[in-house]
Amino acid sequence: MDDQTRIELEAAAFRRLRDHLRERSDVQNIDLMNLAGFCRNCLSRWYQEEANAQGIDMGKDEAREIYYGMPYADWVAENQREASDQQTAAFDDAFARNVGGKG
């Protein structure tokens with residue numbers, strides 16, 4: 001497979017993941033982070049980091065809006081539920097292991 005085809009396939013797979021997670025707003029970011037070590041915010045941060053690495057000036061809010069398809073505050077208001085104490089404790093551990101000083 002040539003590099004351009006590989007890049008296009010990887011980009012298509014990323015878009016499918018993004019769209020799947022947009023459709024599954026019932027799946028909370030905290031649960032994704034606790035189970036997999038990443039969440040929608042991680043994906044938007046990775047997007048931002050890659051844009052910045054290529055010389056594209058992009059901030060956290062802009063990357064989140066691109067990823068979520070709406071302003072982050074709107075997504076939170078529409079979809080995010082209050083986390084339990086157990087979820088929060090698990091998140092603190094998962095965040096420290098997977099994100100640390102990157103977030």
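Helix 3 and helix 4 cross in a right-handed sense. I start with this pair, and please keep in mind that everything I show comes from a predicted model. The angle between helix 3, which covers residues 40-53, and helix 4 is about 120 degrees, and their axes lie 8 Å apart. On the helix 3 side, the residues in contact are Arg40, Asn41, Leu43, Ser44, Tyr47 and Gln48. They meet Lys60, Ala63, Arg64, Ile66, Tyr67 and Tyr68 of helix 4. Sorted by class, this contact holds six nonpolar, three polar and three charged residues.

Now the overall picture. The protein chain has six helices and zero strands, and its pattern along the sequence reads α-α-α-α-α-α. The C-alpha trace spans about 50 × 30 × 30 Å along its principal axes.

A word on how I describe the pairs. Two packed helices are characterised by the angle between their axes and by the distance between those axes.

Back to helix 4, this time from the other partner. How do helix 1 and helix 4 cross, and at what angle? Helix 1, residues 3-23, and helix 4, residues 60-68, have axes that come within 9 Å and cross at roughly 80 degrees. Angles of 65 to 115 degrees count as roughly perpendicular, so helix 1 is roughly perpendicular to helix 4. Helix 1 contributes Phe14, Leu17, Arg18, Leu21 and Arg22 to the contact, and helix 4 contributes Ile66, Tyr67 and Tyr68. In terms of class, that is six nonpolar residues, no polar ones and two charged ones. Note that Ile66, Tyr67 and Tyr68 are listed here and also in the contact with helix 3.

The next pair is helix 2 with helix 6. Their axes come within 9 Å and cross at roughly 55 degrees. Helix 2 and helix 6 are therefore oblique to each other. The handedness of this crossing is left-handed. From helix 2 the contact uses Ile30, Asp31, Met33 and Asn34. From helix 6 it uses Gln87, Thr88, Ala90, Phe91, Ala94 and Phe95. This contact divides into six nonpolar, three polar and one charged residue.

Rolling a probe the size of a water molecule over the atoms shows where empty space is left.

What is the volume of the largest pocket? It is about 340 Å³. The lining consists of Phe14, Leu43, Trp46, Tyr47, Glu50, Ala51, Gln54 and Ile56. Helix 3 gives the most to this lining, with five residues. By class, the lining has six nonpolar residues, one polar and one charged.

Helix 2 gives the most, with three residues. The classes here are five nonpolar, five polar and three charged.

How values were computed:
Residues are numbered from 1 along each chain as its sequence is written. This is a predicted model: local features need pLDDT of at least 70, side-chain atom pairs count only at pLDDT 80 or more; totals for chains, interfaces and linings use all residues. Side-chain values use heavy atoms; hydrogens and water are left out. Axes are lines fitted to C-alpha atoms, for helices over the stretch in contact, and angles run from 0 to 180 degrees between N-to-C directions. Helices (H or I, at least four residues) and strands (E, at least two) are DSSP runs, numbered from the N terminus. Angles under 35 degrees count as roughly parallel, over 145 as roughly antiparallel, 65 to 115 as roughly perpendicular and the rest as oblique. Contact means heavy atoms within 4.5 Å. Ala, Val, Leu, Ile, Met, Phe, Trp, Tyr, Cys and Pro count as nonpolar, Asp, Glu, Lys and Arg as charged, and the others, Gly among them, as polar. A crossing is left-handed if the near helix is turned anticlockwise from the far one by less than a right angle, and right-handed if clockwise. On a 1 Å grid over the protein atoms alone, a cavity is a set of points where a 1.4 Å probe fits but cannot get out, and a pocket is an open set with protein on both sides within 12 Å along at least five of seven lines; lining residues have an atom within 4 Å of a point. Grid points are joined across faces, edges and corners, and a volume is the space filled by probe spheres set on the points.
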